[in-house]
Amino acid sequence: MFSIRSLLLFFTVFLMASVSVRGQLSAENALVAQTEYSSATPNDQVFCFPEGSFMSVRFDYAGNNPSFAWFQHDVTDNSWDNQLANSGNQLTAGTPGGYRVVVEDEAGVVVADERFWVYNTQKITNVEAEITYDDCYGVEMSASADTVPLIFYDPIDGSFGGVNYNLAFEWTTLPESDGSQSGRNVEFDAPFEDLSYVVSVSDRFGNVLESTIDYSAIAVAAEFEADVKKDTVPNERHSDAQGSAPIEIKFNDQSQGKVNAWEWTFGNSGQSVEQNPLFVFSSAGTDSVYLRVVNRDSGCESLSAPFVVSVWESELEVPNVFTPNGDGINDQFRVAYKSIKKFEMVVFNRWGRRVYEGNDPARGWDGKIGGTMGAPGVYFYYIRGEGYNDNEVHRKEGAVHLIRGK
């Protein structure tokens, strides 16, 4: 059963909603929102002025000689009939809350009856952020914000609600990183350096407030660079991570984070716990190099991507002609080789006289005998080479032609 007061309020609201409005409420420098009454009551306008400013609302009416009556909502009994002294078309509200304007035309007919709410107290009063979880892979955080309530009351049943601040949460880092996150609850990839997380909370009224959390990084990331020390020489073909033995590589740690332990694995060729080891690959085959780094304080660890080193099996090939004419092409009698550890080469003339000997496969005979260019013709050689693997022995004997054409 409705009480008499409830029935009167219902009919008042009904009449107010059914009045044909020939004007409108407006307010300068105010953000306009709406109530969200819990009952079926039509929602009213809300004017939110800058914090602490005057709250002036005007009703613009197009008719002749209208009269205006302004009323203030009474929270104690949820009534709307507490008339104010103001009689013009503009009201400067003294306190935040609910108000009502009734407009009559020159004949005394009510042409408008509207409620509205005004506030100049909206403010974000506190922002708190916390780290809810972190591990070697990510950091989870949560933020909350307190606001000054903007309370309104349903004209029918007196139930109260609040204007929505539409809070927005934006997360960044100091120093700035590549990413940012939005929302009350966020997750970032685990950083490798100490930093601060900053949450900025803003509302629909233009208020902004920040909170900062300092974070000590625990994650690590294994990274390194490989500097191949072996120079490229003629007649030996190799690239950065492949070639004939020995391949000497300086590994330079480029890991991120608070690393205090390093573990290198050079395939089946060996291991090291140095930070920046120098390693020589001499066994034929393919080795995958990995770096594992550890932050012993946090227990976080990381394994790098593989770096592949390919060492060729030994080979030794001997040409049968060379042309020492100074044109830079085939000017020396020199072998083509891969992975040769020991080398010996002797060259004889047709009468068995030794005209050249050497033990470096990267060097060859330039055709000179005692500082003078040897005669064109056939010479004979004996070559012996050993590879890095067991039983890799190459023996070569034969003839080579020295040609001194153009």
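Select Phe188 first: this residue is buried, with a relative accessible area of 8%. Buried means under 20% relative accessible area, exposed over 50%, and partly exposed in between (1.4 Å probe, protein chains only). The model is predicted, so local features need pLDDT of at least 70 and side-chain atom pairs count only at pLDDT 80 or more, while totals for chains, interfaces and linings use all residues. Residues are numbered from 1 along each chain as its sequence is written, and side-chain values use heavy atoms, with hydrogens and water left out.

Tyr197 counts as buried because its relative accessibility is 1%. The structure holds 26 aromatic pairs; rings of Phe, Tyr and Trp (its six-membered ring) pair if their centres lie within 6.5 Å, and planes under 30 degrees apart count as stacked, over 60 as edge-to-face and the rest as tilted. The rings of Phe188 and Tyr197 have centres 5.1 Å apart and planes at 45 degrees, so this pair is tilted.

Select Phe279 and Phe281 next. Their ring centres are 4.9 Å apart and their planes stand at 70 degrees, so the pair is edge-to-face. Phe279 is buried at a relative accessible area of 14%, and Phe281 is buried at 0%. To show the cluster that contains both, select Phe224, Phe251, Trp264, Phe266, Phe279, Phe281 and Phe307, which ring pairs link together.

Proceed to strand β14, residues 168-174. Helices (H or I, at least four residues) and strands (E, at least two) are DSSP runs, numbered from the N terminus. In a regular strand the side chains alternate between the two faces of the sheet.

Which residues stand opposite Glu170 in β17 and β15? In β17 the residue is Ser200; in β15 it is Ser182. Two strands pair if DSSP finds at least two bridges between them. Seven bridges join β14 to the antiparallel strand β17 (residues 195-202), and two join β14 to the antiparallel strand β15 (residues 181-182). With six residues between them, β14 and β15 form a hairpin.

Turn now to Arg100, whose charged end sits over the ring of Phe71, 4.9 Å from its centre. A charge sits over a ring if NZ of Lys or CZ of Arg is within 6 Å of the ring centre and within 35 degrees of the ring normal. The charged end of Arg115 sits over the ring of Trp80, 5.7 Å from its centre.

Finally, select Glu248, in strand β22 (residues 247-253). Glu248 is partly exposed, at 32% relative accessible area.
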